[in-house]
Amino acid sequence: MISDDPAREPTGVAATAVAATATAAAAAAGDGDGDGFGKALPGEGAALLEPVDRVSWRWTASLSLVNLGVFLGFFTPIQILLPMQLQRLDAAHKAELLSWVTGVGALVAMVVNPLAGALSDRTTSRFGRRRPWILAGALLGAGGLLLTAGRHGLVGITVGWVVAQAGLNVMLAGAAAPVADQVPRAQRAVVSGWTGISQSLGLLVGALLVTLLVSGIAGGYAAVAAMTVALALPFVLFFADPVLAPEARRSLNLRSLLAGYWVSPRRYPDFGWAWLTRFLINLGNAIGTLYLLFYLTDAVHYRSPDDGVLILTAVYTLAALLTAVPSGAVSDRTGRRRALVVVSCTVMAAAALLLALVHTWPATIVAAAVLGAGYGVYLAVDQALVTQVLPAAADRAKDLGVINIANSGPQVLAPVIAAPIVADFGGYFGLYLATALITLLAGLLVHRIRGVA
């Protein structure tokens, strides 16, 4: 039984009794899916039980702020600061340099996220399994952002961004797991909607910070670094995190650590299909957004591309705000996840086709609104879906880290696909056509997930 009030957390014999009650209640309510996914094994402890108590709006808001800090740190450099920095370095090769820096950073993310998740799963601190990693990651990520700001060569910028990516992915590993740890399934899509909105807000808040509130590249990085840490503090300081008993801690060695990066799709096919659909959706999104600033400059010929990115981000975010939580509420009430993912993929593909066919500013605004609406649905429902196909309760953060490879992996692959398309295979028309086709394929494959409605 999970509470957001530290004073109400049961301990000792009381925790055992509450754990037994929670297990019985979950079974009586039919909360499980019958396949053992995400369940605690006998003797693993109360921290690993399927949650049954609804979380409060304050808990949801604080976790949403953590996610806002993570994605503010991720997206503001990728969308605005790094392109500006690399354009100053070499305007003629800005696209290739951006692809290089973001690709290396994404490779680091793919390694760090599951590793941090595995360590988080085994943390027995009295502050819980997730909060120490959220704070440590925020501090390291902020340090990496400041390091990036002070570099003027390609190697230095890349090293700084690698440090920032490492820290932010440690933070993300801690922030991804509390929904599975503490939110009952009947509330997960709504909570995921709110935390997902923070992902979109990260784009908008970051754009406002670095275009309106602070000046210069160094000031932009400093503001993002400060916000990343500040937004993590309410959740870290004021909300309880279930504590893992030392006797329930699984051993960790190099062999098991390396093996943890692989979750067999044969043994856990739903997990495999969920991973693949997320990978494809994020690949389409990464291909479509990587060159947004350059698209406005070279294809739309917008008079102020930096301001254009801010306007599009605001439109996109507003549309996501309008769809994320309502679609999450529908999903929780009906228990259906897959159909809404298909809807989101179809809507996002339509937006990509509009960008491919019409290179005008009004069409770009409409496309941003449509894309945001589709992505808002996806953020709420897909995260809830993923928490229902996790193989084991003891490895929630690690397995979510493996899932998050489907977020960062496309950042590596997208430049490899996007750069030659823009240069040799249709330019921006080809780029956004590829985005639409990849996104539609994800919508088709989500039906292969059998254990979730």
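How are H10 and H14 oriented to each other, roughly parallel or roughly antiparallel? H10 and H14 are roughly antiparallel to each other, a label given to angles over 145 degrees, whereas angles under 35 degrees count as roughly parallel, 65 to 115 as roughly perpendicular and the rest as oblique.

## Basis of the model

This is a predicted model, in which local features need pLDDT of at least 70 and side-chain atom pairs count only at pLDDT 80 or more, while totals for chains, interfaces and linings use all residues. Residues are numbered from 1 along each chain as its sequence is written, and side-chain values use heavy atoms, with hydrogens and water left out.

## H10 against H14

Helix H10 covers residues 269–290 and helix H14 covers residues 361–387; helices are DSSP runs (H or I, at least four residues) numbered from the N terminus. Their axes come within 11 Å and cross at roughly 155°, where axes are lines fitted to C-alpha atoms over the stretch in contact and angles run from 0 to 180 degrees between N-to-C directions. The crossing of H10 and H14 is left-handed, that is, the near helix is turned anticlockwise from the far one by less than a right angle, with clockwise giving right-handed.

On the H10 side, the contact (heavy atoms within 4.5 Å) is made by Ala 274, Arg 278, Ile 281, Asn 282 and Asn 285, which meet H14 residues including Tyr 375, Tyr 378 and Asp 382. By class, this contact of H10 with H14 has 6 nonpolar, 3 polar and 2 charged residues, with Ala, Val, Leu, Ile, Met, Phe, Trp, Tyr, Cys and Pro counted as nonpolar, Asp, Glu, Lys and Arg as charged, and the others, Gly among them, as polar.

## H7 against H14

H14 also packs with H7, at an angle of about 130° and with the axes 8 Å apart, so H7 and H14 are oblique to each other. H7 passes H14 in a right-handed crossing. Among the H7 residues in this contact are Ser 192, Gly 193 and Gly 196, and the H14 residues that they and their neighbours meet include Tyr 375, Leu 379 and Gln 383. The contact of H7 with H14 has 5 nonpolar, 7 polar and 1 charged residues by class.

Helix H7 (residues 188–213) has 26 residues and reaches 35 Å from its first C-alpha to its last, close to the 38 Å expected at 1.5 Å a residue, the expected span being 1.5 Å times one less than the number of residues. H7 bends by about 35° at Leu 201, the bend being the angle between axes fitted to the seven residues ending there and the seven starting there.

In H15, a kink of about 35° lies at Leu 413, shortly before the proline Pro 415. H15 is followed by Gly 426, whose phi is positive, near 100°.

Key
Helices (H or I, at least four residues) and strands (E, at least two) are DSSP runs, numbered from the N terminus.
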